[in-house]
Amino acid sequence: MRAVVLREPGGPERLEVEEVDEPEQPALRVRAAGVNFLDVLVRRGAYPQMPPLPYVPGSEVAGELDGRRVLALPAGGGYAEAVSVDPAWVFPLPDEAGFEEGAAFLMAFLSAWLPLRDLARGTVLVTAASGGVGGAAVQVAKHLGAHVVAAASTDDKRRFAQELGADEAVGYEDLPSCDVALDPVGGEVFSACLAALRPLGTVVAVGFAGGMWEELSPALLVGRNVNVHGFYLGRLMRHDPDLVRRAAEEVLDLWHAGAVRPVVGGTFPLERAADAHRRIDERQHVGKLVLVP
Ligand SMILES: NC(=O)c1ccc[n+]([C@@H]2O[C@H](COP(=O)([O-])OP(=O)(O)OC[C@H]3O[C@@H](n4cnc5c(N)ncnc54)[C@H](OP(=O)(O)O)[C@@H]3O)[C@@H](O)[C@H]2O)c1
């Protein structure tokens, strides 16, 4: 079968389609594979827990398994015509949904729903608000009744976040005071989110797409009465799989009910996986990019 193989870390051109062995059973026939920032970090060799190479990226897919239309979270291997999946991480694809939407849903919505479900209140600031996790967080926070402020780097991205339901959209230099901030960007943007918190506010650290976090002393948190909430889906899936599975059912219910929807920002054939990664490297994408074998 065909799969995108990463043999050495580096630029997008390192992603090349090769013929590889079929995976072990049960194997899901991949109809669409979501591109996540995690795949970009692994491809660059910058992920803290690097898998052994050669590696087929892809931790989120939609496709067919035993005649059922499903979405699934495999442990890598998704950029391929088939991938082996743990039945514990397979969910039914809503009837009305396409495979591409299915491959653009779970990772982003679990990463938004799990932290925000309990924390969202008052004004929720979402950074990288036109991206995968950010776009999901805008919709989830709005659904939870918050006043949502989206932050993104360009006018087009800010407009896009408002179409997803944000009440306001700002640049990173204009972050307003807020009760909760969900931040996939890291680096200086994370520090700016922390500075924007009202007393008793919380910043959810989700990612470091824009650079590693700066050092942080508890003295700052104590002095300002603010909280940092770290969130890492992969570890939670290992530590408390039942909790994550219940959350997956909750977000799938929200999708069914029309309260939230996945946002596919572009579809690429498997052979053009490098172009999809390039678009993310160049910060050009909105929503989630999807590969179709
Ligand atoms: N902790 C977890 O469990 C978990 C789960 C899923 C994802 N994540 C993390 O969350 C982040 C978002 O993931 P995603 O897949 O949804 O990606 P994404 O948001 O679709 O793309 C990254 C976003 O980061 C912003 N950004 C800022 N500086 C950037 C830079 N130098 N290069 C590229 N983008 C930059 C971009 O928006 P602007 O141009 O508007 O700034 C872009 O939309 C990633 O760091 C990812 O690793 C973590």
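Here are a few questions and answers on the helices and the sheet of this predicted model. Residues are numbered from 1 along each chain as its sequence is written. As the model is predicted, local features need pLDDT of at least 70 and side-chain atom pairs count only at pLDDT 80 or more, while totals for chains, interfaces and linings use all residues.

Q: Which residues of helix 5 are buried, and where on the helix do they sit?
A: Helices are DSSP runs (H or I, at least four residues) and strands likewise (E, at least two), numbered from the N terminus. A residue is buried if 20 or more other C-beta atoms lie within 10 Å of its own, exposed if 12 or fewer, and partly exposed in between, with C-beta atoms placed from the backbone. In helix 5 (residues 155-163), the buried residues are K157, R158, F160 and A161. They cover an arc of only 160° around the axis (taken from the directions from the helix axis to the C-beta atoms), which puts them on the same side of helix 5.

Q: Which exposed residues does the opposite face of helix 5 carry?
A: Look at the face turned away from the buried side of helix 5. The exposed residues there are D155 and D156.

Q: What do the buried residues of helix 5 pack against?
A: Contact here asks for C-beta atoms, placed from the backbone, within 7 Å. By that test, the partners are helix 4 (132-143), strand 9 (147-151) and strand 10 (168-170).

Conventions
Contact = placed C-beta atoms within 7 Å.
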